Amino acid sequence: MSAPKLFAQALPTLRRAPRLTTGAIGRRVRCYTQASAAARPTNSSRVVQAVARRSPALMRAQRRTFSASPAVSHGHIKPPKPGEELYVTFVDKEGVEHKFAVSKGDNLLDIAQANDLEMEGACGGSCACSTCHVIVLDQEYYDKMPEPDDDENDMLDLAFGLQETSRLGCQVVMTPELDGLRVKLPSMTRNLQSSDFK
Ligand code: FES
């Protein structure tokens with residue numbers, strides 16, 4: 001079976017799956033090729049290129065969609081309701097201040113990531129790394145926070161540039177008492193790899 005005929009056969013399926021990657025299209029085309037007893041060996045990448053030439057609409061459909069929604073609506077945080085805003089300020093590595101209005105219950109990792117600040121959060125907020133390390137700038141606010149538990153303290157011990165008021169961003173949850181909190185992002189974070197323990 002010729003490549004164009006294979007495509008004609010495959011195209012309805014491919015169109016129903018607009019997020020297919022080129023590799024996935026290649027795999028599906030290979031399946032079609034193998035399923036056909038009459039098929040001669042077909043180079044799947046040539047087939048994919050032929051699909052692209054014959055079906056620009058398909059190639060457009062499989063491109064990633066672009067979202068123009070505001071950064072604050074990304075991730076796990078929601079914009080605060082009017083009158084319920086809490087304010088937090090991050091001071092980045094260059095010393096630039098970024099102040100955000102956030103909701104009660106948001107944690108500093110989610111806030112930073114939703115606003116494209118440089119906070120890695122390698123473990124996804126499960127208190128198993130120190131890449132969300134922040135330094136609370138005012139002792140008064142540090143004292144208002146619940147004490148770090150043993151897991152957080154263990155991870156903080158591994159943080160680069162640990163200070164008296166260091167916390168893990170994923171463990172600091174915004175409450176009305178913390179309205180006006182200011183934290184600094186450390187100049188570096190340490191992301192331990194399994195190879196570091198060999
Ligand atoms: S993201 Fe890993 S401990 Fe906070």
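Two strands count as paired here if DSSP finds at least two bridges between them, and the strands themselves are DSSP runs (E, at least two residues), numbered from the N terminus. The model shown is predicted, so to speak of local features we need pLDDT of at least 70, side-chain atom pairs count only at pLDDT 80 or more, and totals for chains, interfaces and linings use all residues. Residues are numbered from 1 along each chain as its sequence is written, and side-chain values use heavy atoms, with hydrogens and water left out.

**View 1. The five-stranded sheet.** Here is an open sheet with the strand order β2-β1-β5-β3-β4 and mixed pairing. β2 and β4 (166-168) sit at the edges with a single partner strand each, so one side of each has no neighbour in the sheet. From one strand to the next, the twist averages 35 degrees, taken between axes that are lines fitted to C-alpha atoms, with angles running from 0 to 180 degrees between N-to-C directions.

View 2. Strand β1 (residues 86-91) meets strand β2 (residues 97-102) in the antiparallel sense, over six bridges. Follow the pairing and you will find leucine 86 opposite valine 102 in β2, and phenylalanine 90 with histidine 98 as its bridge partner. Five residues lie between the two strands of this hairpin, and glycine 95 in the turn has a positive phi of about 85 degrees.

**View 3. Around threonine 89.** Threonine 89 belongs to strand β1. Its relative accessibility is 8%, so threonine 89 counts as buried (under 20% relative accessible area, 1.4 Å probe, protein chains only). Leaving aside residues up to four places away in sequence, threonine 89 touches Glu97, His98, Lys99, Leu181, Arg182 and Val183, where contact means heavy atoms within 4.5 Å.

Definitions and conventions. Helix = DSSP H or I, 4+ residues; strand = E, 2+ residues; numbered from the N terminus. Buried < 20%, exposed > 50% of the residue type's maximum accessible area, 1.4 Å probe, protein only.
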